[in-house]
Amino acid sequence: MPKWIKTTLKVLGGILALILLLFIAATLYITFNKQKVLTLITQTVNKSIDGKLVIGELDPTFFSAFPNVAVSLKNVSLKDNQWPKHKHTLLQAGDVEVAVNALSLIAGNVNIQKISINNASIDFFTDSTGYSNTAVFKKGKPKPDADKNKDSDEGAAAIIKRIDLNKVAFSLNNQKANKLFSFYVNSLKGKVDYPSSGWKAKINLDTKVKSLAFNTKRGSFLKDKQLRGPFDIQYTEKDGVITVAPNKLNIGEDPFIIGAKFETAKDPVKFTINIKVDELLWQHAANVLAPNIATKLNMFSISKPLEVTTSLVGDFGGGGDPAINVRCKVSNTTLKTPGGVMENCSFNGMFTNGYEKGKELGDENSAIGLYNFTGNYKGMPFTMDTTTIVNLIKPIASGAFRSKFDVAKLNNVFEGDPLKFNKGVADLNLHYKADIVDYQLNKPVFRGAINIKNADMTYVPRGLNLKNSSLSLYFTDNDLLFKNIQLQSGRSIVKMDGRVKNFLNLYYKDPEKMVLTWYVRSPQLYLGEFLGFLNKKSYVRKMPKKRTNNGNLAEQLNDVFEKASAELHMLVEKVYYKKFLATDAIASAELTDNGVTINSISLKHAGGSLNISGRVQQDGPANSFDIKTKVNHVNISTFFYAFDNFGLSSLTSKNLTGFLSSNASVKGRITNDGSLVPRSVFGTLSFDLKNGALKSFDPIKSVGKFAFPFRDLDNITFPQLNGTFDLRGEKINIRPMQISSSVLNVDMAGVYSLGTGTNIAIDVPLRNPKDDYKITDPEERRKKRMKGIVLHLLAADGDDGKVKIKLNRNRKKDKDKDDEKDKKKEEEAK
């Protein structure tokens, strides 16, 4: 071996021996002088901080990290001078071990090979005034720039190669900025390298998130979630940016790809966190978000996992929320909402808490967007191109809705109440806007159209069956328009257009004030098929299985149908009702929830015309009516036949001919099938019959067969006959009436009863009036009318209950009294 090599080895051996002797000497010195060294360290540190460092015990462990210098500190605490006020200890560690490269110390650098902290808590606290316990490091005045440069030239900054944390509670509590980040670190193992550009670190972390609250008023993200995974972190000294490369991190049971950037050169420090997950269950997604968001999301449920990307952008100053932007995608899933369950749903979704640029981030400026949403609700497929929900404090939803389906599917919504559908096709194309109350659409405003074609349906409350019907509904900003409606019920065909002014406002607030204006045309209308509209509804509405604050759709529609009023303007070519037939009917009426008001009806019937006005009130099995009618020149026989002889049994259409004009004002009751309730009619009826004839009328024949056996009582003609009847239920009061006919003249007055109580005074002159028509002077004809013998008869009930004709023995006295009264009136008049 060459001599110079031997010399070199001896020198190196001497140096190593010297270092070893120094280690042994230092170890022995510290071992036998622990308290002195510990006091020296704490006094030196406490002089340079604005607080107090306490180290309970110091143990040299140099050879455990040889050739590094290692020391173990026990029961270490670090407090600032304001600790008695806020009670937040910056550092409380049971065990801190530091290993330093001995050679770097000789060179004048601090090269920390490893720091291990065990059973510790680290609490960075800032109170509401902005004071922080990190002020413990800010004692003394800043050095002049020259001194700073001098210091930097004298030695490089300390570097740390390895970091170990075990069972460490870490907290960053900023009460001024309303931020709280709290973690319990089970294990953190990190290795740090120092390239010229800054430093790089590889870290494996196992920690539990106690709080990740960017705004404590909103609550914490990742609350009580376990985080496990590696981090690749790089710091660039030039721009002060810490970059966390995207890497897989397990949050609870779900793997997330998380990357981040922290701009430390800015004050306050800004951050950007990006999160991506390929498959995340809805419930799991909600549980990693802050409570103000999670509570709303938990009202919904999606069966299949979502593909989600999220970004959080903010800073560690102030008190505002970070900017949150979420994107998600899901296909062929089941969506459960407070309003119902939707199957086969696919959509792209987004969430942001900065919907309007320039406004403060938060719930009021948050929005949820759903795009290309397709699904199936109770068998009805639908598409929503764009749906947005804005402002989570007072949420407003808006969007476009399209659907085409068999109308029978609507039975799944209405449950056969109040509408029941059998067949047909519905086509919806609507734009809507609505408040959201209790997570359901409230008072939506619509624009667009609903078209239903070839539908068979039943309106249950009125028992109205419609066949092969079509209708179009158009929603404008304020009104609802009905167009091209065609309804078929039995043999009736109805075509309608209509309008509801101020529809949506009244629909929700005052349905009883809503007025549907209808314009109706019909080639033929059978009224009997629509009697349900005259009836008081006889069914009991089904109660919903689950009642909500806003009620379900069936309840709302039924309330509208029952409470709203309708104006009808009708043109009908032919109207049928039982035996009645009319043509060219023109009608104006109002329908309310409890009846029908007839403003006017004019129609042609029996060679003449009818005008009707009045009201029908719904009262249950029998409805009350108050009607005024005017009949002009109708064929009396056809007229009586059409109205079933007006309830009379002795006088029928077979007994009458001629042309009738009449005015009537009557009240009564009509059954739900349209029949008059017997003995219910009250009012006044006046009539004028021209060219009339009374054929085979038994009451007259029973009188005439004794008094006028040779006259034609089967065909009694009347050039003109008029009179007035007062209808009083089963009683008909016949005001004094003169009958001048081809067979006899008759004066009558009294009461005709449909039951018992008939009492009619009849005066019949025996002379034959056959040729009276030849007398042209009316006064002469009047005087001659009652000449000769006059029979005073009385038609009244007999003992057997039948009407009997007998002599009216009191008639002469009554007539004398009447004559005396008439004479007195004439004298008073003079």
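A residue counts as buried under 20% relative accessible area, as exposed over 50%, and as partly exposed in between. At 34% relative accessibility, Asn 468 therefore counts as partly exposed. Keep that scale in mind as we walk through this structure, which is a predicted model.

Let's stay with Asn 468 for a moment. This residue belongs to strand β22, which covers residues 464–475, and its phi is near 50°, a positive value in a residue other than glycine. Most residues other than glycine have a negative phi, and most peptide bonds are trans. Lys 87 is another residue with a positive phi, near 65°. Its setting is the loop between α3 (83–86) and β3 (91–100), and at a relative accessible area of 53% Lys 87 is exposed. As for peptide bonds, the one from Asp 267 to Pro 268 is cis, with omega near 0°. You will find Pro 268 in the loop between β11 (254–263) and β12 (270–280).

Now step back to the whole chain. It has 14 helices and 38 strands, and 42% of its 830 residues count as buried. Of the contacts between residues at least 6 apart in sequence, 52% join residues at least 24 apart.

The structure holds 14 aromatic pairs. One of them is formed by Trp 199 and Tyr 235, which are stacked, with 5.7 Å from centre to centre and 20° between the planes. This pair links distant parts of the chain, since Trp 199 is in strand β8 (residues 198–213) and Tyr 235 is in strand β9 (residues 225–236), 36 residues apart. Trp 199 has a relative accessible area of 24%, so this residue is partly exposed. Elsewhere, Phe 181, Phe 214, Phe 221 and Phe 271 come together in one aromatic cluster.

Rings also meet charges here. The charged end of Lys 79 sits over the ring of Trp 83, 3.8 Å from the ring centre.

Finally, turn to the salt bridges, of which the structure holds 18. Asp 95 forms one with Lys 74, where the closest N and O atoms are 3.6 Å apart. Asp 95 lies in strand β3 and Lys 74 in strand β2 (residues 69–80), so this bridge ties together parts that are 21 residues apart in sequence. How accessible are the two partners? Asp 95 counts as buried at 16% relative accessibility, while Lys 74 counts as partly exposed at 25%.

Another salt bridge joins the side chains of Arg 499 and Asp 479, at 2.9 Å from N to O. Here Arg 499 is in strand β24 (residues 492–500) and Asp 479 is in the loop between β22 and β23 (480–489), so that the pair links distant parts of the chain, 20 residues apart. Asp 479 is buried, with a relative accessible area of 15%, whereas Arg 499 counts as partly exposed at 34%.

The side chains of Asp 584 and Lys 604 also meet in a salt bridge, at 3.4 Å from N to O. Asp 584 lies in strand β27 (residues 580–592) and Lys 604 in strand β28 (residues 595–605). Both partners are partly exposed, Asp 584 with a relative accessible area of 43% and Lys 604 with 45%. Salt bridges with shared partners also join Lys 114, Asp 164 and Lys 189 into one network.

Terms used:
Residues numbered from 1 in each chain as written. Predicted model: local features only at pLDDT ≥ 70, side-chain atom pairs only at ≥ 80, totals over all residues. Heavy atoms only, no water. Helix = DSSP H or I, 4+ residues; strand = E, 2+ residues; numbered from the N terminus. Buried < 20%, exposed > 50% of the residue type's maximum accessible area, 1.4 Å probe, protein only. Contact = heavy atoms within 4.5 Å. Phe/Tyr/Trp six-rings, centres within 6.5 Å; stacked < 30°, edge-to-face > 60°. Lys NZ or Arg CZ within 6 Å of the ring centre and 35° of its normal. Salt bridge = Lys/Arg side-chain N within 4 Å of Asp/Glu carboxyl O.
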